[in-house]
Amino acid sequence: MKKTLYIPLALLIAGSILSVVGANSYINESGTALCTACGMKISKSDTSTLAVSSTNGQIRYACCPVCAGMVGLYVKNATITGECIGCGKEITFQLANGALSSSNPAVATMISGGSCAKNKLACSAACEATIRSKNDWAANAPVKTSSQVIAAAQTKLASVTISDKPDSISTPVYALLGSGIALLAFAPVTWVYLKKSRT
Ligand SMILES: [Zn+2]
Ligand SMILES: [Zn+2]
């Protein structure tokens, strides 16, 4: 093979590998997050995952309403957005100055199964009944109103250190993607250059 082709080809192959690995990690990282309060790995699209947006637009994710409450109290002013696991309806809790200021729907509750994975939101009494009938653990589990959820978060927050990492794609992933794309773009340039320098 001609020497003029070696370098561009090597760049092309290296660039492709880096881009594919980079794109893969980008997709993985953008779909998952760690609960800001307890560190559990969660999927952002999961119906049980809550997003806590602070007033400066930063978003942090939480695995359950109590964890979300802890994160909300930690940032003091926040909107917690979750979903009714019965019907998918959006449920929001507003926090102002480190206290619950409103809840929408106002009748939203949390079925409290005793652990993060069993703390589930219900938008209405009807959905609460549906969730109870579909999940053994929920059948006799106590229920908490939105203000009781925030009160529980307040109590728990005293014994937990929040590792504050607003959601973002990590730098190594951008570095991988960036260098892959740069190599791909550079390959034809070196080919043209080497060809020219031969003649
Ligand atoms: Zn959590
Ligand atoms: Zn519902």
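Two residues are in contact if their C-beta atoms, placed from the backbone, lie within 7 Å. With that in hand, welcome to this predicted model, where local features need pLDDT of at least 70, side-chain atom pairs count only at pLDDT 80 or more, and totals for chains, interfaces and linings use all residues. Residues are numbered from 1 along each chain as its sequence is written, while chains are lettered from A and ligands numbered from 1 in the order in which they are written.

**Domains**
- The protein splits into domain 1 (3–29 + 170–198) and domain 2 (37–157), with bounds that come from an automatic or database domain assignment.
- Taken over C-alpha atoms, the centres of domain 1 and domain 2 are 44 Å apart.

**Helix H5**
- Helices here are DSSP runs of H or I with at least four residues, strands are runs of E with at least two, and both are numbered from the N terminus.
- Helix H5 covers residues 171–198, and its 28 residues should span 40 Å at 1.5 Å a residue, which agrees with the 39 Å between its end C-alpha atoms; the expected span is 1.5 Å times one less than the number of residues.
- At Phe186, H5 bends by about 30°, and Pro188 follows within four residues; the bend is the angle between axes fitted to the seven residues ending there and the seven starting there.
- Val173, Leu176, Leu177, Gly180, Leu183 and Ala187 are the buried residues of H5 (buried means 20 or more other C-beta atoms within 10 Å of the residue's own, exposed 12 or fewer, and partly exposed in between, with C-beta atoms placed from the backbone).
- Helix H1 (3–31) is included in what covers these buried residues of H5.

**The sheet**
- Three strands make an open sheet in the order S9-S8-S10, with antiparallel pairing; two strands pair if DSSP finds at least two bridges between them.
- S9 and strand S10 (143–145) are the edge strands, each pairing on one side only.
- Strand S8 (residues 109–112) is joined to S9 by 4 bridges and to S10 by 3.
- Thr109 stands opposite Ala122 in S9, and its bridge partner in S10 is Thr145.
- Between S8 and S9, which form a hairpin, lie 6 residues, and Gly114 in the turn has a positive phi of about 100°.
- Strand S9 (residues 119–122) is covered on both faces, with Asn119 and Leu121 buried on one side and Lys120 and Ala122 buried on the other.
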